[in-house]
Amino acid sequence: MNRPQTMLDPTSFKPKSVYRTYIAATPEKVWQALVDPSFTTRYFFGLSAEVEPRTGGRFRLLWPDGREHITGEVVDWSPPRRLCVSWDIQNMPPFSELPTTLVTYDIEPAGAVTRLTMTESHDWDVPREIMIGGEEGWPKIISGLKSLLETGNPLTFDMSEGPAPEFVAAVQKAADEKPWLKK
């Protein structure tokens, strides 16, 4: 089957973080939880996902007031097994100066449950201090999705502290030095 081409070359990205969980729900329900904006707002820190349902389509994560937080492209639309999107942070310096990230969700039946694997990939050598930001956020998002699907209740996290100062400093340093241009 010929797939529509995207502008981005996913083969230049290497997995840097992988998170896996098992959810007592069908693959179809897990898929719907990833692409339904009214559902994502309940586990994704209030962000709603807008996904144009095709490879090469538009992807956005929106703040509750409608502002864009993340924009990107649907790199692989294969319901209900695989969703891969590019991420570009918007309107949030210095984070919005970072290069594109690929986020891939692989959904597989695993007996009576579903295995959800989320992979974050980059095409540059991301410093460990920056990866720590994802290590703080992704488990909360994936756990919130799991809880919501299994119990109907989202998890509540205290977000008042914001990102760790070391993480923000590492992002600022990368934005200033742009090591991805020195490949």
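Trainee: Is Y105 buried or exposed, and at what relative accessibility?

Mentor: Y105 is buried, at 7% relative accessibility. Buried means under 20% relative accessible area, exposed means over 50%, and partly exposed lies in between, with a 1.4 Å probe and protein chains only. Remember that this is a predicted model: local features need pLDDT of at least 70 and side-chain atom pairs pLDDT 80 or more, while totals for chains, interfaces and linings use all residues. Numbering starts from 1 along each chain as its sequence is written, and side-chain values use heavy atoms, with hydrogens and water left out.

The protein has four helices and seven strands. Both are DSSP runs numbered from the N terminus: H or I over at least four residues for helices, E over at least two for strands. Their order from the N terminus is β-α-α-β-β-β-β-β-β-α-α. The radius of gyration is 16 Å, close to the 16 Å from the globule rule for 183 residues, so the protein is as compact as a globular protein of that length. That radius is taken over C-alpha atoms, and the rule is 2.2 Å times the number of residues to the power 0.38. The C-alpha trace spans about 50 × 45 × 30 Å along its principal axes. Of the 183 residues, 45% are buried.

Now the rings. The structure holds eleven aromatic pairs. Rings of Phe, Tyr and Trp (its six-membered ring) pair if their centres lie within 6.5 Å; planes under 30 degrees apart are stacked, over 60 edge-to-face, and the rest tilted. F95 and F167 make a tilted pair, 5.4 Å centre to centre with 50° between the planes. F95 sits in the loop between strand 5 (82-89) and strand 6 (101-110), and F167 in helix 4 (residues 165-177), so this pair ties together parts 72 residues apart in sequence. F95 is buried at 9% relative accessibility. F167 is buried too, with a relative accessible area of 15%.

Next, the pair you asked about. The ring centres of Y105 and W138 are 6.5 Å apart and their planes stand at 75°, so the pair is edge-to-face. Y105 belongs to strand 6 and W138 to helix 3, so the pair ties together parts 33 residues apart in sequence. W138 is buried as well, at 7% relative accessibility. Both rings belong to one aromatic cluster, formed by F39, Y43, F44, F45, F59, W87, Y105 and W138.

Follow W138 into its helix. Helix 3 (residues 128-151) has 24 residues and reaches 34 Å from first to last C-alpha, close to the 34 Å expected at 1.5 Å a residue. The expected span is 1.5 Å times one less than the number of residues. Its buried residues include G133, G134, G137, W138 and I141. Just after helix 3, G152 takes a positive phi of about 85°.

A cavity is a set of points on a 1 Å grid over the protein atoms alone where a 1.4 Å probe fits but cannot get out; a pocket is an open set with protein on both sides within 12 Å along at least five of seven lines; lining residues have an atom within 4 Å of a point. The largest cavity has a volume of about 80 Å³. Its lining is L34, T40, Y43, F44, A49, F59, L61, L83, W87 and Y105. Helix 2 (37-43), strand 3 (58-62) and strand 5 each give two or more residues to that lining.

The largest pocket has a volume of about 1100 Å³. Of its 37 lining residues, F95, G133, G134, G137 and F167 lie nearest its centre. Strand 4 (68-78), strand 5, strand 6, strand 7 (113-122), helix 3 and helix 4 each give two or more residues to the lining. Helix 3 gives the most, with ten residues.

Definitions and conventions
Points joined across faces, edges and corners; volume = space filled by probe spheres on them.
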